[in-house]
Amino acid sequence: MPSIVPLLPPGYRSQPASTDDIPAIHAPVTICEREAYGRVQSDAKAVAADFARPGME
């Protein structure tokens with residue numbers, strides 16, 4: 001089965017997101033929500049809850 005992760009350019013690397021990354025993940029979410037809805041609807045706890053969902057990889 002081929003990898004679903006695209007090859008990165010030389011010098012770049014990837015790693016799975018962890019709970020330490022929640023603030024960095026939530027930051028662009030807030031930008032998108034503010035642009036789409038005029039306000040931020042989620043918070044970092046909502047992102048953390050998504051990470052805690054069974055089957056989330």
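**Reading the fold and its helix contact**

Reply: The chain has two helices and zero strands; helices (H or I, at least four residues) and strands (E, at least two) are DSSP runs, numbered from the N terminus. This is a predicted model, in which local features need pLDDT of at least 70, side-chain atom pairs count only at pLDDT 80 or more, and totals for chains, interfaces and linings use all residues. Residues are numbered from 1 along each chain as its sequence is written, and side-chain values use heavy atoms, with hydrogens and water left out.

Me: What share of the 57 residues is buried?

Reply: Buried means under 20% relative accessible area, exposed over 50%, and partly exposed in between (1.4 Å probe, protein chains only). Buried residues account for 11% of the 57 residues. Ala36 is exposed, at a relative accessible area of 55%, and lies in helix 1. Arg13 is also exposed, at 68%, and is placed in the segment before helix 1.

Me: At what angle do helix 1 and helix 2 pack?

Reply: Axes are lines fitted to C-alpha atoms, for helices over the stretch in contact, and angles run from 0 to 180 degrees between N-to-C directions. Helix 1 (residues 22-37) packs against helix 2 (residues 44-52) at about 115°, and their axes are 9 Å apart.

Me: Which residues meet where helix 1 and helix 2 touch?

Reply: Contact means heavy atoms within 4.5 Å. From helix 1, Ile22, Ile25 and His26 meet Ala44, Val47, Ala48 and Phe51 of helix 2. By class, this contact has six nonpolar, one polar and no charged residues (Ala, Val, Leu, Ile, Met, Phe, Trp, Tyr, Cys and Pro count as nonpolar, Asp, Glu, Lys and Arg as charged, and the others, Gly among them, as polar).

Me: Where is Val40 found, and which residues does Val40 touch?

Reply: Val40 is in the loop between helix 1 and helix 2 and counts as partly exposed, at 28% relative accessibility. Leaving aside residues up to four places away in sequence, Val40 touches Thr30, Glu33 and Arg34.
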